[in-house]
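User: I would like a close look at how one pair of side chains is placed in this chain. Please start from that pair and then describe the surroundings in one connected answer.

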Amino acid sequence: PWIHLFLPMVFVVFMVLFHPFRETFQQDTDEGINLIKAVLVMEGHQITGDIASDQPPLLSNLLAMVFEWTGVSVNVGRFVVLLFSALLLGAAGMATEIAWGRTTSMLVYLIMILLPNYMLASVSVMIGQPSIALAMVAMLSVFLWHRDRNWPWLLLAGLFMSLSLFMKIFTAVLIPVFGIGLLVGQWMFLRGTAKGISFWIQLFKPAFIFSLSLVVISVALALVMVDLENGMELILPHLEYRQLTSVTGSITADLKPALFPILLAAIGLGTTIEKQKWLGLYPAAWAILAYLSLLNHNPVWWHHQLLVTVPAAMPAAFGVTSILKWFQAPNQDQSWKQKVFVFCGILIIGAFLNQQLRVAANELGNRAPSFRSYGLDPESGDMRILSKMNSLAQDGTLIVTDMPIFAVRAKMQVPLELAWVSDKRFRTGFLSEQDFINVIEREKPVLVLIARYPLSEVRAFLESNPNYEEVISTKIHTDRKATLYHRIEP
């Protein structure tokens, strides 16, 4: 229906008008990594080939295609992710309408947008939101198959599931959900049919078509975008990091701000089972499996919670619908237990809205609505460093840095081996300070910027090297001090 095209576009317009993402230097350090990888792909390099990466290559390749048309731009990259977020909203709205009805589908938009970190992830050049969006389209395709019984929907489900995995593999939790759901759904459809060979073929046919589509498309994408000889680079850093004794983040702790929508989702799940709206079990199973998969995962970052809360928003919307219907029911038709339950439900809804509307208002700030960007603050530490970089070097100059967003904004190049600089790569031994020193000695870059990590060995090397001088040292948006070094030719 047109409403599920219109409302996501309203969200896009709202974010462009009111959200300060275009005046933000960097939302997350992953932005710089994803953007610089896209720049390198534009130059003909390949993820896992000569660009080290622990993440699938789809977003980098997609951004490279877009940048070929628009030119490299941080805000263009953010707008691409915003469109994926709109796709996620529209697919969730349509799926919710199929499972629970029109009223619930309208509520899911509000709940999803108000989820903790949903708006921030919608305008950050990161792979999580696009991956979840494509997984949601895959689930919508499965819902449409259940409704229409047309096999092409299963081919589309496999296609979008594969695309989702090539954005970020954490949506793999959906594969068993779809497989079991298709088997159970087909078994219910075939009840009463004689259990001969034909029955068993028909029973497994939907899951087989979905699986075949997923495998064939995944193999094709891997052949096109991944250097198979180095394909293990996508997996080894994750395995190594999981072996570390220190733990980074906790999904349970990260979900505490989402307590109220999770409680509403629990109410919605109970009512879904009571009303036998079986399609509603798909997003519930997605959320539960996602939580279990992240429970012992290391590391857990702020955006991982959306893998749980986004699908949970769908039964949460049905929970709100159910509470409002019970609230409107005549008092004489309700027991005292039902009245207490409805009262508690209304309190949860009110608490959720009160909490998240405040959070949303704080994130939006006082930006006067405008389609035009007000630009970055020229007095900020980030812009002072960027201005100094541009004054010392031209576009295309090689820079060594641990925060590549500066290279992207200055339109400078980075060495291939330093495109991906992260905690995971340092702590698993895939990158060291000596690697930085080796690159500096070999490439003799005009500029070296240390902005994210202490890199004490690199600093000591530069400060003892007569060919390099410190030109600016100032605090940046991360509240850390960044230092820029300039090469002086002997």
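In what do the side chains of Arg78 and Glu31 meet?

Analyst: This is a predicted model, in which local features need pLDDT of at least 70 and side-chain atom pairs pLDDT 80 or more, while totals for chains, interfaces and linings use all residues. Residues are numbered from 1 along each chain as its sequence is written, and side-chain values use heavy atoms, without hydrogens or water.

The side chains of Arg78 and Glu31 meet in a salt bridge, with N to O at 2.9 Å; the term needs a side-chain nitrogen of Lys or Arg within 4 Å of a carboxyl oxygen of Asp or Glu. The Arg78–Glu31 pair links distant parts of the chain, since Arg78 sits in helix H4 (residues 74–100) and Glu31 in helix H2, 47 residues apart. Helices (H or I, at least four residues) and strands (E, at least two) are DSSP runs numbered from the N terminus. Arg78 and Glu31 are both buried, that is, under 20% relative accessible area, with exposed set at over 50% and partly exposed in between (1.4 Å probe, protein chains only).

By the salt-bridge rule, the count comes to seven. One of these joins the side chains of Glu23 and Arg367, with 2.7 Å from N to O. The Glu23–Arg367 pair also links distant parts of the chain: Glu23 is in the loop between H1 and helix H2 (29–42), and Arg367 is in the loop between helix H16 (336–364) and helix H17 (381–392), 344 residues away. Both residues of this pair, Glu23 and Arg367, are buried.

A further salt bridge brings together the side chains of Arg147 and Asp148, at 2.9 Å from N to O. Arg147 has 52% relative accessibility and therefore counts as exposed. Asp148, at 29% relative accessibility, counts as partly exposed.

Helix H1 (residues 3–18) and helix H5 (residues 102–113) have axes that come within 12 Å and cross at roughly 15 degrees; axes are lines fitted to C-alpha atoms, for helices over the stretch in contact, and angles run from 0 to 180 degrees between N-to-C directions. H1 and H5 are therefore roughly parallel to each other, the classes being roughly parallel under 35 degrees, roughly antiparallel over 145, roughly perpendicular from 65 to 115 and oblique for the rest. Helix H7 (residues 128–148) packs with helix H8 (residues 152–167) at an angle of about 165 degrees, and their axes are 8 Å apart. That angle makes H7 roughly antiparallel to H8.

In the loops, Ile47 is found between H2 and helix H3 (58–70). At 2% relative accessibility, Ile47 counts as buried. Ile47 and Asn61 are 14 residues apart along the chain, and their C-alpha atoms are separated by 8.8 Å.

Ser293 belongs to helix H14 (residues 281–295). With a relative accessible area of 32%, Ser293 is partly exposed. Ser293 and Val173 are 120 residues apart in sequence, yet in space their C-alpha atoms are 7.6 Å apart.

Backbone geometry is the remaining topic. Gln276 lies in the loop between helix H13 (259–275) and H14, and the phi of Gln276 is positive, about 60 degrees, although this residue is not a glycine. Gln276 is exposed, with a relative accessible area of 54%. Lys444 is another residue other than glycine with a positive phi, in this case near 50 degrees. The place of Lys444 is in the loop between helix H20 (433–443) and strand E2 (447–450). Lys444 has a relative accessible area of 45%, which means that this residue is partly exposed.

To return to the pair in the request, Arg78 and Glu31 form a salt bridge that links helix H4 to helix H2, and both residues are buried.
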